[in-house]
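Please open the structure in the viewer and keep the sequence at hand.

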Amino acid sequence: MKTTIASRRYAALALAHRWFGFLETEWGETLEHLEMFDPSVTLSGRDGTVVFARDRDELRAWFAAVPDPTSSHHILHSVWTDGGPDGGSLSFVVAYQAPREDLPPVGSIIRYTTTVTFHGGTARFAALDKTPVLPNTEPNYQASWAAHRAQAYLYTLLSAPDLNPGAAEALGFPSDAVIQAWAPAPAPASSYTATITVQEQNCEPRVSRWQFEDSWDAALPTPVSITHFHQMPATDINPSPVHR
């Protein structure tokens, strides 16, 4: 059974995927999505030298002012630093892209540093800083919205199995898993399929296919079917971004 520390890590990763699923489309500007953030949340850039928002109201105004082009954010690596029952910090590196008609996408590699709180048992971002560190020269645009929505659900399920006990049992109860989702559906989609790989330490990956329905405005999508596959050697799996 997973530890409380693992539950907090999973909850923080779920927040990261919810953030990008929310950020990548013009849909979903709802109070439910804004519940991801502490009322006194701070959004900053370039190692804190630029401040975009100092509370939730300013953050909502920032969202409203940001253009809504299609974009993608692939989390390449993440590290959770646990701070006890009240919070911790999640740092992650992201490959960002924005497509351009008849041109290669533009993009950058961004370092995110975040503070996560757990007041009242609910995970929320209390601070986020995003600092570009390198250009992203990948010539092909790779969508990520549906994968973020699927992974947000799965990490939430790992942190709180009571969300859907049947789905939690199907996913298993790993104590330190890496989840990878492949879901190329464009944003937004009301229904999509995600191929899910669950990798535990010293174990071969478990692969399944989850069908989701999604209202976009809901905090999380809803799984409607799960198909399991046999375990696969790691060498048979197509490489993709991981979360540790």
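Of the 244 residues in the chain, 48% are buried, where buried means under 20% relative accessible area, exposed over 50%, and partly exposed in between (1.4 Å probe, protein chains only). The model is a predicted one, in which local features need pLDDT of at least 70 and side-chain atom pairs count only at pLDDT 80 or more, while totals for chains, interfaces and linings use all residues. Residues are numbered from 1 along each chain as its sequence is written, and side-chain values use heavy atoms, with hydrogens and water left out.

Display the chain as a cartoon.

Select the strands of the open sheet, whose six members follow the order S2-S1-S6-S5-S4-S3 with mixed pairing; two strands pair if DSSP finds at least two bridges between them. S2 and strand S3 (72-82) are the edge strands, each pairing on one side only.

Next, select residues 37-45 and 50-53, which are strands S1 and S2; they run antiparallel and are joined by three bridges. Leu 43 has Ala 53 in S2 as its bridge partner. Four residues lie between the strands of this hairpin, where Arg 46 takes a positive phi near 50°.

Then move to strand S5 (residues 103-117) and strand S6 (residues 124-135), an antiparallel pair with ten bridges. Tyr 112 and Lys 130 are bridge partners there. Helix H3 (residues 56-65) packs on the sheet and touches S1, S2 and S6; contact means heavy atoms within 4.5 Å.

**Salt bridges**

Begin with Arg 8 and Asp 82, whose side chains meet at 2.7 Å, N to O. Arg 8 lies in helix H1 (residues 4-23) and Asp 82 in strand S3, so this pair ties together parts 74 residues apart in sequence. Arg 8 is buried at 11% relative accessibility, whereas Asp 82 is partly exposed at 28%.

Finally, select Asp 214 and Arg 149, which form a salt bridge with their closest N and O atoms 2.8 Å apart. Asp 214 is in the loop between strand S9 (206-213) and strand S10 (222-228), and Arg 149 is in helix H4 (residues 145-159). Asp 214 is buried at 5% relative accessibility, and Arg 149 is buried at 6%.

Conventions: Helices (H or I, at least four residues) and strands (E, at least two) are DSSP runs, numbered from the N terminus. Axes are lines fitted to C-alpha atoms, for helices over the stretch in contact, and angles run from 0 to 180 degrees between N-to-C directions. A salt bridge is a side-chain nitrogen of Lys or Arg within 4 Å of a carboxyl oxygen of Asp or Glu.
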